[in-house]
Amino acid sequence: MNISGIAIAVVLATFPSAIPIWLAALGETVDQASGVLDLGVEGIMLMGAIAAFVVDYFYHSALIAFIVAGLVGLAFSAVHAFISITLNGDQVVSGTALWFIGWGLSGVIYAAYFGLAITPPSVPTIGSINIPVLTSLPIVGKVLFGESPLFYISILITIALWSIMFRTQFGLNLRSVGENPLVAEVMGVSPVIYRYVSVLFGGFMAGLAGAYLTVGLTGSFYFDMTAGMGFIAVALVYFGKWNPWRVSVGAVIFGLVYALSAELESIYTSVPYQFFSMWPYIATLLIILAVGKSAHAPDALTMPYVRE
Amino acid sequence: MEPYIRMVGITKKFPGVVANDSVNFEVYKGEIHALLGENGAGKTTLMRVLYGLYRPDAGKIYVNGNEVKIGSPTEALRLGIGMVHQHFSLIPYFTVAENVAIGLGSWRNGLEIEKIKAMIKDVSEDLGLYVNPDAYVHQLSVGERQRVEIIKMLVRGVNVLILDEPTSALTPQESQQLFNVLKRMKDGGRGVVLITHKMYEVMEVADRVTVLRRGRVVLNALKGEISEKALVEAMVGKEVILGSPEKRSVPQKGALSVEGLVVKGDRGEVAVNGISFVVRGGEIVGIAGVAGNGQRELVEAIFGMRKAVSGKITVDGVDITNKDIRDRVSAGLELIPEDRLGTAVIPKLSLFQNAILHERWWDPYSKMGVLSISKARDLAKRIINSFGVATPNEQVQAGSLSGGNIQKFVVGRSMARGARYLIAVNPTAGLDVAATDSVRKTLVEFRNSGGAVLLVSEDLDELLSLSDRLYVIYRGKLVKEFLPQFDRLAIGEAMMGGQQ
Ligand SMILES: Nc1ncnc2c1ncn2[C@@H]1O[C@H](COP(=O)(O)OP(=O)(O)OP(=O)(O)O)[C@@H](O)[C@H]1O
Ligand SMILES: [Mg+2]
């Protein structure tokens with residue numbers, strides 16, 4: 001295979017690989033902007049993935065599958081919201097618990113419905129939207145105008161989130177809760193309401209991200225299929241400095257790293273594949289090192305708000 | 001004229017203290033009402049009740065003649081009452097305009113920064129409250145931040161503005177600017193409540209004065225009707241106190257000496273500005289002052305928790321200015337810090353582990369890096385028995401004891417370590433009568449056996465009853481030395497910046 005062939009394959013795979021981290025990271029951005037860290041994204045994504053798969057398998061509707069996955073994610077994150085906002089519990093502990101539960105439960109649900117089939121069951125993937133004329137442009141045509149609907153949805157959500165966070169009273173209130181909930185409350189903003197809304201939204205987005213993995217990308221579910229994407233999404237929020245635009249850029253960079261490592265993995269079969277699959281995680285480490293202390297995190301991130 | 005706000009019979013209790021005891025308080029439009037009182041007199045509590053942050057245990061509040069219940073700051077703001085707190089409540093990483101805009105409009109609205117800037121300009125221009133609305137708050141000086149706080153309230157259309165010790169962190173010029181703003185607000189028909197410790201501020205701007213002492217109103221008058229002397233007397237009380245009881249020893253040799261000490265505060269300001277004094281064995285030297293005049297920085301510098309910019313600290317003639325804390329402890333210096341659970345003990349460790357916290361690296365509690373638990377427990381038992389610490393045993397967590405018993409343990413630990421120079425900061429704050437008595441007795445016995453005590457306290461009665469000598473600290477300087485019989489009034493005046 002020649003270089004340009006590899007390059008084209010990698011570029012074509014970039015956005016599809018980016019979408020799940022992208023969606024999850026956008027949700028986590030709102031979460032964290034309000035001062036709540038949700039480390040359970042990984043588990044919520046898995047729950048979304050299995051929920052969407054089951055729904056699509058039995059009811060043959062990708063749209064309903066996505067909606068149900070989002071709602072399952074929302075319900076799951078409600079547990080985290082209740083523990084960390086209402087009970088003032090430790091957000092790290094609660095998030096970690098969510099991850100474990102989602103990780104195990106998604107596997108159990110799969111086994112309960114499908115058992116151990118020799119040929120794993122699958123559903124058709126949702127395919128892509130081809131925008132007429134533009135799709136036929138060389139290279140960029142296919143990459144930018146022939147993507148999965150979730151690609152366009154991600155862009156729309158990015159724009160919407162940025163506008164809400166930085167151009168509305170709601171967004172300012174939300175960010176003030178993440179910086180200093182006491183100040184917010186004294187100015188008439190309820191930290192509890194804003195944090196609940198944010199955490200539930202983050203859960204919904206992580207559910208969608210999981211649904212994309214099964215119904216959107218691979219058409220099947222397998223155990224632990226997120227393989228750390230949820231944690232990479234959390235790291236991306238730091239890289240993106242709590243700004244939806246930067247978070248999106250980070251997600252696309254990660255999509256590129258995923259696509260590249262997958263492509264090289266399929267070409268250099270003599271190299272143990274683990275060598276390539278560790279790249280995204282190394283990239284995560286490098287990003288965290290590079291961003292380091294330069295970013296200003298919301299001051300009240302991970303701090304429960306205890307009213308006097 | 002009807003007062004805009006009338007608080008009647010307000011009582012607010014906290015565990016162990018009655019912070020406000022049937023307090024009556026009025027605010028009139030077009031007036032500046034100064035609220036005075038010593039540290040802990042209950043000023044902040046009273047105003048927090050008015051601002052909806054605390055629910056009173058008894059009493060009524062009337063606004064414009066109507067009885068109201070104020071359950072939250074939002075309701076207070078709706079009634080036209082605003083408050084600027086002792087510690088600023090601004091978000092450093094937001095701009096001035098963003099800070100003003102928090103919670104301002106309906107959440108459904110867009111954020112129209114230009115409109116907010118116009119509002120800021122509107123309320124601030126004729127009052128002379130200039131700040132750049134696009135600046136980030138962390139870039140602003142303390143004086144500017146305060147202006148932002150005031151603007152925040154004015155934009156919400158308050159009729160009455162409460163300021164809690166607004167000048168404590170300001171330079172004299174900034175204070176002057178603030179007073180001009182307050183006077184213009186008053187001329188514009190608003191009411192102002194000014195909480196303060198400083199006499200000249202009252203004399204300069206107030207129209208009406210209320211003095212609180214231990215939660216009760218002891219004086220309420222128009223400024224014109226009352227002398228400065230009478231005000232000070234109302235604040236510090238009249239009782240004559242005779243100085244240290246069981247006074248016995250002549251100062252012995254050996255001394256903790258501080259010469260020309262200069263120390264910076266957290267924000268880089270000069271907090272201790274050239275302080276010199278000597279504490280000899282066999283005496284208790286008191287430091288009196290309103291909180292925030294450099295006491296904390298002075299103590300931290302002497303004990304090595306904060307760097308001295310210049311000056312010299314010696315113990316028995318040995319220079320310890322740049323030594324680390326361990327060397328200071330070996331030299332016989334001990335600290336009884338104000339923040340018991342934060343600095344004096346580790347709440348989650350057992351008493352015996354806390355007993356040897358400093359000793360870790362030395363015999364006999366550690367042999368080649370291995371702790372000798374039995375020796376540590378013996379030490380803890382000794383402290384518990386000799387200082388009457390009420391605890392089931394030496395293995396319970398330090399944090400599970402009452403404040404008084406923790407303090408007895410902390411003081412006892414310093415004694416057991418062979419302290420010769422003791423710095424005690426508010427050693428009886430928050431303790432009940434019996435614990436207070438026990439701690440004070442220990443300090444006096446320590447003095448009588450030749451120890452030296454530097455007693456830094458906000459409780460004037462404590463200082464007057466224990467000290468052999470006493471200095472007043474004001475704005476980072478020791479402004480005056482007092483000897484028994486202590487002249488309470490003169491000390492009070494010096495603390496408030498008079499008679500320099
Ligand atoms: N939230 C609280 N919980 C328990 N006790 C409190 C609380 N707030 C204040 N107190 C106590 O109530 C008393 C009055 O405190 P307050 O803060 O009103 O005094 P103040 O006059 O404002 O003093 P300062 O000049 O030091 O600010 C003090 O004994 C204080 O320890
Ligand atoms: Mg106060």
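## Polar contacts with ligand 1

A polar contact is a pair of N or O atoms within 3.5 Å. In this predicted model, Lys43(B) meets that cut-off, because one of its polar side-chain atoms lies 2.8 Å from an oxygen atom of ligand 1. The side chain of Thr44(B) also takes part, with an N or O atom 2.6 Å from an oxygen atom of ligand 1. At Ala41(B) the backbone is involved: an N or O atom there lies 3.2 Å from an oxygen atom of the ligand.

On its own, ligand 1 has 630 Å² of accessible area, and the protein covers 68% of this.

## The shell around ligand 1

The ligand is surrounded by 15 residues. The closest are Gly40(B), Gly42(B), Lys43(B), Thr44(B) and Thr45(B). By class, the shell is made up of 5 nonpolar, 7 polar and 3 charged residues.

Which elements of chain B each supply at least two residues of this shell? They are strand E2 (17–27) and helix H1 (43–50). The most comes from H1(B), which gives 3 residues.

## The interface of chain A and chain B

Contact between the two chains involves 23 residues of chain A and 28 residues of chain B. The area buried between them is about 1900 Å², and carbon and sulfur atoms give 66% of that area.

The interface has 1 salt bridge. Its partners are the side chains of Arg175(A) and Glu98(B), with an N to O distance of 3.9 Å. The cut-off for a salt bridge is 4 Å, so this pair is counted.

## The chain A side

Three elements of chain A are listed here: helix H6 (149–167), helix H7 (169–179) and helix H8 (181–186) give two or more residues to the side that touches chain B. H7(A) provides the largest share, 7 residues. Sorted by class, this side of chain A has 9 nonpolar, 7 polar and 7 charged residues.

Most residues other than glycine have a negative phi, and most peptide bonds are trans.

Where does Gln485(B) sit? Its place is in the loop between strand E22 (477–482) and helix H17 (488–495) of chain B.

Lys241(A) belongs to the loop that runs between helix H10 (229–239) and helix H11 (244–267) of chain A.

Definitions and conventions:
Residues are numbered from 1 along each chain as its sequence is written. Chains are lettered from A and ligands numbered from 1 in the order in which they are written. This is a predicted model: local features need pLDDT of at least 70, side-chain atom pairs count only at pLDDT 80 or more; totals for chains, interfaces and linings use all residues. Side-chain values use heavy atoms; hydrogens and water are left out. A residue is near a molecule or strand if one of its heavy atoms lies within 4 Å of it. A polar contact is a pair of N or O atoms within 3.5 Å; within protein, one must be able to donate a hydrogen and the other to accept it, and residues adjacent in sequence count only if both atoms are side-chain atoms. Accessible areas come from the Shrake-Rupley method with a 1.4 Å probe; for residues, only the protein chains shown count as cover. Helices (H or I, at least four residues) and strands (E, at least two) are DSSP runs, numbered from the N terminus. Ala, Val, Leu, Ile, Met, Phe, Trp, Tyr, Cys and Pro count as nonpolar, Asp, Glu, Lys and Arg as charged, and the others, Gly among them, as polar. Contact means heavy atoms within 4.5 Å. Buried area is the accessible area (1.4 Å probe) that two parts lose on being put together, summed over both.
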